[in-house]
Amino acid sequence: MKSKNIPDDIKGYSIDQAKNEIKEIVELLEKEQNLNNSIDKYQRLIHLNKFVEEKFKKKFKNLSQKKTKVIK
């Protein structure tokens, strides 16, 4: 999934906001009896996970670049 597929409302989240919504969705999915009702929630969860993953990659890249500059 590419970042362009992540809904705009998620793109404005902080990592903490995304993590909180992920936690809420997981709790709902654990209680859900009907799998058909879970599809939209699961897809939202995938988008949130991808968003958090991309945020961490950007932060790691920035830290790596700063470390390289300090070493030089």
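Visitor: In which segment is Pro 7 found?

Guide: In this predicted model, Pro 7 lies in the segment before α1.

Visitor: Why is Pro 7 called partly exposed?

Guide: The relative accessibility of Pro 7 is 26%. Buried would require under 20%, and exposed over 50%. The value falls in between, and therefore Pro 7 counts as partly exposed.

Visitor: What makes Arg 44 and His 47 contacts of Pro 7?

Guide: Contact requires heavy atoms within 4.5 Å. Pro 7 touches both Arg 44 and His 47, leaving aside residues up to four places away in sequence. Pro 7 and Arg 44 are 37 residues apart along the chain, and their C-alpha atoms are separated by 8.9 Å.

Visitor: Which residues of α3 are buried?

Guide: Among them are Arg 44 and His 47, together with Leu 45, Leu 48 and Phe 51. The cover over the buried residues of α3 includes α1 (8–11) and α2 (15–31).

Visitor: How do you know what span to expect for helix α3?

Guide: The expected span is 1.5 Å times one less than the number of residues. Helix α3 (residues 35–71) has 37 residues, so 54 Å is expected. From first C-alpha to last, α3 reaches 52 Å, which is close to that value.

Visitor: Where does α3 bend, and by how much?

Guide: The bend is at Lys 41 and amounts to about 25°.

Visitor: In which helix is confidence lowest, and in which is it highest?

Guide: Confidence is lowest in α3, with a mean of 89, and highest in α2, at 94. For the protein chain, the mean pLDDT is 88, and 94% of residues reach 70 or more.

Note on methods:
Residues are numbered from 1 along each chain as its sequence is written. This is a predicted model: local features need pLDDT of at least 70, side-chain atom pairs count only at pLDDT 80 or more; totals for chains, interfaces and linings use all residues. Side-chain values use heavy atoms; hydrogens and water are left out. Helices (H or I, at least four residues) and strands (E, at least two) are DSSP runs, numbered from the N terminus. The bend at a residue is the angle between axes fitted to the seven residues ending there and the seven starting there. Buried means under 20% relative accessible area, exposed over 50%, partly exposed in between (1.4 Å probe, protein chains only). pLDDT is the predictor's confidence in each residue, from 0 to 100.
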